[in-house]
Amino acid sequence: MSEDRETQDADDASAEPKRAFWADEVADEIEARDPEDPIVIKGGVSPSGVAHLGNFNEIMRGYFVAAVLRERGHEVRQVFTSDDRDPLRKLPRKLADTDGNIVGLGDVDAGALGRNLGRPYTDIPDPFGESESYAAHFAALLKADADRLGVPVEMLSNTELYEDGTFDEVVEHVLGHADTAREVLSEYQAKVDADYVPFNPICEECGKITERVTSIDLEAGTVDYVCTDMTVGDETIEGCGHEGTATFREGKLPWRFEWPGQWQVLGVDFEPFGKDHAEGSWPSGEDIARNVLGIEPPVPMVYEWFTLNGEALSSSQGNIVTVPEMLDLLEPEVLRYFFALNPRKARDLDISRLDQLVDDFDRFERAYFGDVDDETLTAFAERAYPFVVDEVREDRVRLPYTFAAVLGMTDDRDLRIEMARNEGYFDDDTPEWAIEEALERVDRARAWAERLDNEYNYRIQEDLPEVDVDDAVAAALDELAEFVAVGHDGEEIQGEMYETARRHDIEVGDFFEAGYLLFFDQPQGPRLGEFLGELDTEFVVARLRRES
RNA sequence: GGGCCGGUAGCUCAGUUCGGCAGAGCGUCUGGCUUUUAACCAGACGGUCGGGGGUUCAAGUCCCUCCCGGCCCGCCA
């Protein structure tokens, strides 16, 4: 270190050292508050039709912070609330079935769903008839996805938190200090007037969330209400007009209070949230926590939303992707890597360039092992990589994604291995487990090529495609067949193709095209000679002779 | 209209806290591999760091201002 640098440090001794991984910075902030163990990290969403990748910000951002804190010796509890006492406000356009497949509203009983508008998600039947409720179905999807990504997260049902009395103290407190609550919230919401009561009972008659509380009885722990209409955008969900009484467990706090309430009853120390909350719920939540509930709000972190294929995530427009879908195309660690990147940057997840994301991951991995000459990346990888993979293993082999896609042109496992070996990815010392893991990428890259129908989507044709060749090309193909039959390796075949084409005075391009058509039924393809060298000789000879 | 976040190579992004040489990967191009045919290797090209102004010996980085995009400022979450 230079003298200049030392002087600079001395001048500014209080400055925190720069952290290479954002999760460390967050962990620093959390530790600075001297939290009690276990440290609680929360995320949460309202159940919607589909658990899409965007929802995973809530889980994955928290995961990295949890992992860093655990490494520092803390006990950490990562919880995720399904905010399932929220009412269904409008019908989702898309739903995900139990396996995570996205289906349209038409594939379920939409009428049954429509009759449940305004009721809490936990009181609505599962449209797929499998789980206890709509909410349970959705929560199960998220939990399954978290498991797939290896994130140990504890799912909590908001409805249960009300029903089992966890929320009692908060509801009592808020209703007991309704004036203060009104006053604080009115700073943020213009509609909060003198009649505003921060509690929404569930109508005992029609089951909908109501918005008009007429009186509060703190002694009895009840409120009186009128079941009124609910306005959602330009739609109205009709109330039934019933006048009734509800206990503090038979309703919910409005979101602006519910969120801080969750912080209190769960003892939340950190919560990441999307930028939509940054200017609305967070400032009011912070204020309500301190000045209504008398608690310190958690350390916040705003994450930017990412776009999918250049467009905003939108389930109604079909521009969404789920975790299972992504895992058909990528290893879990690559997906985790995506979420380990700086949350403050809006970034695009471009399916057509997944190869780029995977390349970036591979480079990140090599950086961890010190094989990349890039200080910044290496510093980031040193911190983040162990949390991205299940297990750090240095002799792991990664096939470049596009090469894996080339290998995916055949289903023959031995052939895949042979081609990878010829390219130097495997050698005699490569352990079997490493080969096995490396090949997992081949199926994913293959799925990617098929999904996009891109330039890697070639398949060796088992049966002879219909191909018209002129006499000169036919003669050349026959001659090449002879060459192959005698026994030559891929490189020699590749070279011979040029020679053969010249001898027959045909364009090299035409000759290759004939070859591609014969083997792939496409005018283009991978490096043909070397590919043929890997295939069964008899098969290649017969195909070149257009026999089978 | 006000606020928050973002804008760096064709693409994806580091670098912005705390001012110190404009960076990486991919793509492209050229060359190499006996070879125009998508895997491999080498090299090159590629920049108004959104625009403008200011502070400074020095600005992608700090200040002011404007432009563009997303989000929030109704309800709801």
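1. Helices here are DSSP runs of H or I with at least four residues, numbered from the N terminus. With that naming, α5 is followed by G150, a residue with a positive phi, near 70 degrees. The model is predicted, and the points below should be read with that in mind.

2. Helix α5 itself covers residues 134-148, 15 residues in total. From its first C-alpha to its last it reaches 21 Å, close to the 21 Å expected at 1.5 Å a residue. The buried residues of α5 are Y134, A135, H137, F138, A139, L141, L142, D145 and A146. As background to such a pattern, an α-helix has 3.6 residues a turn, so residues three or four places apart point the same way.

3. The model has an open sheet of five strands in the order β5-β2-β1-β13-β14, with parallel pairing. β5 (154-157) and β14 (299-303) stand at the edges with a single partner strand each, so one side of each has no neighbour in the sheet. From one strand to the next, the twist averages 25 degrees.

4. I39 has V76 as its bridge partner in β2.

5. Helix α9 (residues 255-266) lies across β1, β2, β5 and β13, and runs at about 150 degrees to β13.

6. In α8 (residues 178-186), the residues A178, A181, R182, V184 and L185 are buried. The cover over these buried residues includes α7 (168-176), α9 and α11 (281-293).

7. An open sheet of three strands has the order β7-β8-β11, and its pairing is antiparallel. The edge strands are β7 (212-217) and β11 (243-247), each of which pairs on one side only. The twist averages 25 degrees from one strand to the next.

8. β7 and β8 run antiparallel and are joined by five bridges; S215 has D224 as its bridge partner in β8. These two strands form a hairpin with four residues between them, and in the turn G221 has a positive phi of about 70 degrees. On the other pairing, strand β8 (residues 222-226) is joined to β11 by five bridges, again antiparallel. The bridge partner of V226 in β11 is E243.

9. The last point concerns a helix pair. Helix α19 (residues 471-486) packs with helix α23 (residues 537-544) at an angle of about 165 degrees, and their axes are 8 Å apart. Angles over 145 degrees count as roughly antiparallel, and α19 and α23 are therefore roughly antiparallel to each other. Their crossing is left-handed. On the α19 side of the contact are L477, D478, L480, A481, V484 and A485, which meet T537, V540, V541 and L544 in α23.

Methods: Residues numbered from 1 in each chain as written. Chains lettered and ligands numbered in written order. Predicted model: local features only at pLDDT ≥ 70, side-chain atom pairs only at ≥ 80, totals over all residues. Heavy atoms only, no water. Pairing = 2+ DSSP bridges. Axes fitted to C-alpha atoms, helices over the stretch in contact; angles between N-to-C directions. Expected span 1.5 Å × (residues − 1). Buried < 20%, exposed > 50% of the residue type's maximum accessible area, 1.4 Å probe, protein only. Parallel < 35°, antiparallel > 145°, perpendicular 65-115°, else oblique. Left-handed = near helix turned anticlockwise from the far one by under 90°. Contact = heavy atoms within 4.5 Å.
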